[in-house]
Amino acid sequence: MALDRSVSRRRLLQLMGGATVAATAAGTLAACGGGNAGSSSGGTLKVIGAGSQEAGLRKALDDYKKANSGFDFNLSFSPADQLQTSLRAQLAAGNAPDLHAVYPGNGSAMSMVQLSKANLLADLSSQSWTQKIPTGFKGAFQNDGKTLIFSPGTSVLGAIYNKKAFATAGVEVPTTWSELLSVCDKLKKKGIVPIALGAQTPWVTQLIDYALVPGTVYAKTPDFDDKMTAGTASFVESGWADAMDKYLELQKKGFFNDNPNGTTYEQATSMVGTGKAAMAVQVSAVLQAFREAAPTPDDLGMFPFPATDVAADNWIPGGVVVGIAVSAKSKKAEQAKKFIEYCGRPETVNAWAEAVACVPLYSEGDAKVDPVLKPFLPYLKDNKAVPFMDQRWPNAEVQPTHFAVVQELLGGRTTVPAALKKMDEAYRKNA
Amino acid sequence: MTITAQAVRRDAVRAPRRRGGIAPPWLFAVPALAVYALVVLYPALSGAGSAFTDWSGVGEQRSFVGLDNFQQLFHDDQALGALRNTLLLTVAIVVIQNGIGLLLALGVHTNIKSRMTLRVIFFAPVVVSPVMVSFLWKYVYNPAPDAGLNAVLGAIGLGGLRQDWLGNPSLAIWSVAFTVIWQCAGYSMVIFLAGLEGVPAELHESAMVDGAGTVARFRHITWPLLAPALTINLMLSTVGGLTLFTQIIAMTNGGPGYATDTLSTVLYKQAFVYGKFGYSTAVALVLAIFVAAVSFIQIGYLRSRETAA
């Protein structure tokens, strides 16, 4: 781990100490401090992005470099789990890259709110693009009135489906919960796995709940998050119980692949791509991976996953995608901020959003949106989109607790009330 | 026979004393001790201070919380479940890995023609990165009926034994244990083999002349003289089991649910996923003390057993 000269020996040794104690027990944590980003040199910006944003961020950096001859960058990417380890270790050591990935809102150890509490993010509020952030999304970008991250737009969550599998079973895209069950039943009778679920990959476990909760919770109680914050609502006494019951209903009816807890995200992706399974509940940001698994990209479509039998109540989850921020300790903060300002131009927002299949944060005129996302646009327009639930959770413990209890539910090790009680307990712990 | 083996053992124990007389100056050890103190002891002790704070792992904000983290640890269901898993895994690994290692060592310590090749084959998994081994076994444990181990079971007519090896909460921990044993049994074998090479052949020859059979010779000659190798193997596998981390993170990430979490994965998650570096360090500290205590007790007992042998 390359350390910046500004790290004092005492600080370095303290950090090594924590790692040493941990390594004494864990044996292998040394690997966690790795990452492939070297230290910055000269006028080169050191950038670490999220793997899911690679296409968009790389294009923005390349375009900016072409327009600014003195600009150069050292870019690397980390998958989601390594952002929690290698990048966080660099932040802890005071060796943060100049620009780095940050999750919007709260709810994760690498989220905007958690990092801003530690004063690790530079204030971007003076930049003109920040005035264009839609009101409903401000909580994802701002803390204490300061805008601290840039993100190109919103990713939606729904069912990515294989059109050929649907055609084989002679079924259409469902718009209500009952229709969904009927479609799954017909697919199953044709020998096609209705829904591929790779629940061994922890973050996949949450997606079906996230797809159902906008309909079972937020359509009836739009201020549910505020009530949770105030302590007047709980997971266990809310529509979360209905969502989890429906999750288990899909399992009990045999609509998932066998052994979802032993199946990975990659295996589930392959099942849908090849038509062995008909659909998977996923975020639009991973569409590219599904397209790569399919014979032709046009085989795949996407539709809002219905949660209720009242079409008007079927809201969708649409969250701001992982963004980038300027390190408050960067010696090249001004240079990094200029790049962020460039990212905030509508044409850059559009190009980045198009590259990662998300809906642009804002646009001038018609935005270019991946055609498979069109079924979701009316929901966004009608304010029937709810940010991904974790972005309003107060600490980094609720989300992994959610992952674990879903695996326990699928494994028959717990009940819905007990699972939600655990999530409530995690929620009530201090941030 | 026992008397002969004990005599050999006593010779071995006395041998270093005869070489004594001039104690090596401690001054020689000072450079190494200084480096050790600087890069291991001081950072470990100063880092351990975090266990008494609520530090998130980033930023400067931290408050002294006294023993709160330790009190929380002993009321934390996840940590207590992880402790149970850690002990289960350790017992399974120590017993089975060393049992298989001993059998392999005895098997290749014979005159069979292919013994050198077999030694290489049995040791080969040890030199592969644990992460690679974990991903390899994750493939083998694919739950689909037409993939990995399940496909093999189906092909040989044992389709009824197909399992969700890593997805079944009751089975996952044993699947991980099997992988660790598969990789590390060769290591135990090599240590036992070194011990077997040190058993004087004439003891076996004279025992055979006295009419001792294979079992009697193993019980009264080989087993007592393998005591030092057993000590090393038990020590290493116990510490390895208590600190097991890589294979679990790579294969199950502690899941399904918390079914395969160990103390090592809990402390990792607390630090890097939950952002509770202070609490994580408290878990690490307790684990380090626990491992040290178990190791001292174990080595004390095994050393006394060596002397008795």
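**View 1. Helix α4 (residues 77–108) of chain B packs with helix α13 (residues 263–272) of chain B at an angle of about 145 degrees.** The axes of these two helices lie 8 Å apart. The view is taken from a predicted model. On the α4(B) side, the contact is formed by Q78(B), A79(B), A82(B), L83(B) and T86(B), which meet L263(B), T265(B) and V266(B) in α13(B). Classified by residue type, this contact of α4(B) with α13(B) contains five nonpolar and three polar residues, and no charged ones.

**View 2. Chain B contains 14 helices and zero strands.** Read from the N terminus, the elements of chain B accordingly run α-α-α-α-α-α-α-α-α-α-α-α-α-α. Along the principal axes, a box of roughly 75 × 65 × 30 Å is filled by the C-alpha atoms of chain B. Of the 309 residues in chain B, 41% are buried. Among contacts in chain B between residues at least 6 apart in sequence, 73% connect residues at least 24 apart.

**View 3. Chain A and chain B meet through 41 residues of chain A and 46 residues of chain B.** On the side of chain A that touches chain B, at least two residues each come from α1 (9–26), α3 (80–92), α4 (112–117) and α16 (398–410) of chain A. The most are given by α1(A), with eleven residues. By class, the residues on this side of chain A comprise 18 nonpolar, 18 polar and five charged.

**View 4. Four strands of chain A form an open sheet in the order β2-β1-β3-β11, with mixed pairing.**

**View 5. Strand β1 (residues 44–50) of chain A pairs with β2(A) in the parallel sense, over seven bridges.** Opposite G49(A) stands F77(A), a residue in β2(A). Helix α2 (residues 54–67) of chain A packs on the sheet, where it touches β1, β2 and β11 of chain A. The direction of α2(A) makes about 180 degrees with that of β2(A). Helix α13 (residues 333–343) of chain A also packs on the sheet, touching β1, β3 (99–102) and β11 of chain A. The direction of α13(A) makes about 150 degrees with that of β11(A).

Technical notes: Residues are numbered from 1 along each chain as its sequence is written. Chains are lettered from A and ligands numbered from 1 in the order in which they are written. This is a predicted model: local features need pLDDT of at least 70, side-chain atom pairs count only at pLDDT 80 or more; totals for chains, interfaces and linings use all residues. Axes are lines fitted to C-alpha atoms, for helices over the stretch in contact, and angles run from 0 to 180 degrees between N-to-C directions. Two residues are in contact if their C-beta atoms, placed from the backbone, lie within 7 Å. Ala, Val, Leu, Ile, Met, Phe, Trp, Tyr, Cys and Pro count as nonpolar, Asp, Glu, Lys and Arg as charged, and the others, Gly among them, as polar. A residue is buried if 20 or more other C-beta atoms lie within 10 Å of its own, exposed if 12 or fewer, and partly exposed in between; C-beta atoms are placed from the backbone. Two strands pair if DSSP finds at least two bridges between them.
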